[in-house]
Amino acid sequence: MSEHGMFRAITAPQPGGPEALVLERREVCEPGPEDVRIRVAAAGVNKPDTFQRMGVYPPPKGASDVLGLEVSGTVDAVGPDVTRWKTGDEVCALLPGGGYAEIAIAHQGSVLPKPAGVSLRDAAGLPETVFTVWANVFEAGALRPGETFLIHGGAGGIGTTAIQMAAAHGARVIATAGSDEKCALCRELGAEIAVNYREADFVDAVAAAGGADVVLDMVGGDYADRNLKCLNTGGRLVQIAFLKGSRVEIDMMPIMLKRLTVTGSTLRARPLAEKARLAAAVEKTVWPWIEAGKIRVVADAVFPLEEAAKAHALIDSSGHAGKILLVP
């Protein structure tokens, strides 16, 4: 922090491109009764942050207008009703907002210990993606060991996490990505098959591999109908974003004939109790995978906080592979 009682943070007062991000000074607040105040070591940059910057994904009621959905750092103070955490603990946390800052506030139920073997900086790349994959692939998608899992955007933040989690779970992974280099990364992380969608039709590749049981998609648009074609009988399509648009045209006959499930969700607006339940499940199952070396944070680029616009320009370009982090 640059001066007593104040800290730096990134906001987007007016919707726009990366240049809309503004570095502000904010006053340090006391944590609420069940809140944990964290001196931020790093913050993860995620696609939803860019949607907030553009004015189409506002923070939930009561959440900070500072961007950022995940941080790592050291506990700085705790509210009177906080039971598990104490000053000095090294943690990472899922936030409804407030991560692009030197100080962040998290509800105690959304805080997790830094996993052993992961640097404090890189731990910032875990919460948003791990919670999202757990909620959507393992819970909503009910992925089972031995099943085939198709993940689009395999080289992105969600994708690199999803490949590793599914592989650690014993599933067979097929990934799509936009370059041969990104496909190579997907295979390195545990994908059995990686399809360069600019050069090949993923529907044909998945069919040749025997079909998919679970698909995680953030593309939408014309991918919706193609995903249904990829699914085996009893398959599950889970939607978490719509980069190509949410209004889609699909043939619903495969849903009926193959007894498919189509579902989707967002994470940010879920109740605190639901996030705490997810955190407990993640700590029980995924943290041991991380500590055993089965999952690592793929940190593609690290920017100082004041260069948040450069981080957003990179994620907007889809030129990254893995996570983008900001360091105060």
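**Aromatic rings and the charges above them**

Let's start with a charge over a ring: Arg268 lies over the face of Tyr57, with 5.0 Å to the ring centre. Keep in mind that this is a predicted model. Searching the whole structure for aromatic pairs turns up three of them. Here's a quick tour of the rings, taken by topic.

**Around Phe138 and Trp289**

- Phe138 pairs up with Trp289 in a tilted arrangement, at 6.0 Å centre to centre and with 50 degrees between the planes.
- This pair links distant parts of the chain: Phe138 belongs to helix α2 (residues 127–140) and Trp289 to helix α8 (residues 272–291), 151 residues apart.
- Both Phe138 and Trp289 are buried.
- Trp134 joins in too, as ring pairs link Trp134, Phe138 and Trp289 into a cluster.

**Around Phe202 and Tyr223**

- The ring centres of Phe202 and Tyr223 are 4.9 Å apart with the planes at 45 degrees, so this pair counts as tilted.
- Phe202 sits in helix α5 (residues 202–208) and Tyr223 in helix α6 (residues 223–230), so the pair ties together parts 21 residues apart in sequence.
- Phe202 is buried, and Tyr223 is buried as well.

**Charges over rings**

- Tyr223 also has a charge on its face: Arg226 lies over the ring, at 5.2 Å from its centre.
- For Tyr57, the residue over the face is Arg268, at 5.0 Å from the ring centre.

Notes
Residues are numbered from 1 along each chain as its sequence is written. This is a predicted model: local features need pLDDT of at least 70, side-chain atom pairs count only at pLDDT 80 or more; totals for chains, interfaces and linings use all residues. Side-chain values use heavy atoms; hydrogens and water are left out. Rings of Phe, Tyr and Trp (its six-membered ring) pair if their centres lie within 6.5 Å; planes under 30 degrees apart count as stacked, over 60 as edge-to-face and the rest as tilted. Helices (H or I, at least four residues) and strands (E, at least two) are DSSP runs, numbered from the N terminus. Buried means under 20% relative accessible area, exposed over 50%, partly exposed in between (1.4 Å probe, protein chains only). A charge sits over a ring if NZ of Lys or CZ of Arg is within 6 Å of the ring centre and within 35 degrees of the ring normal.
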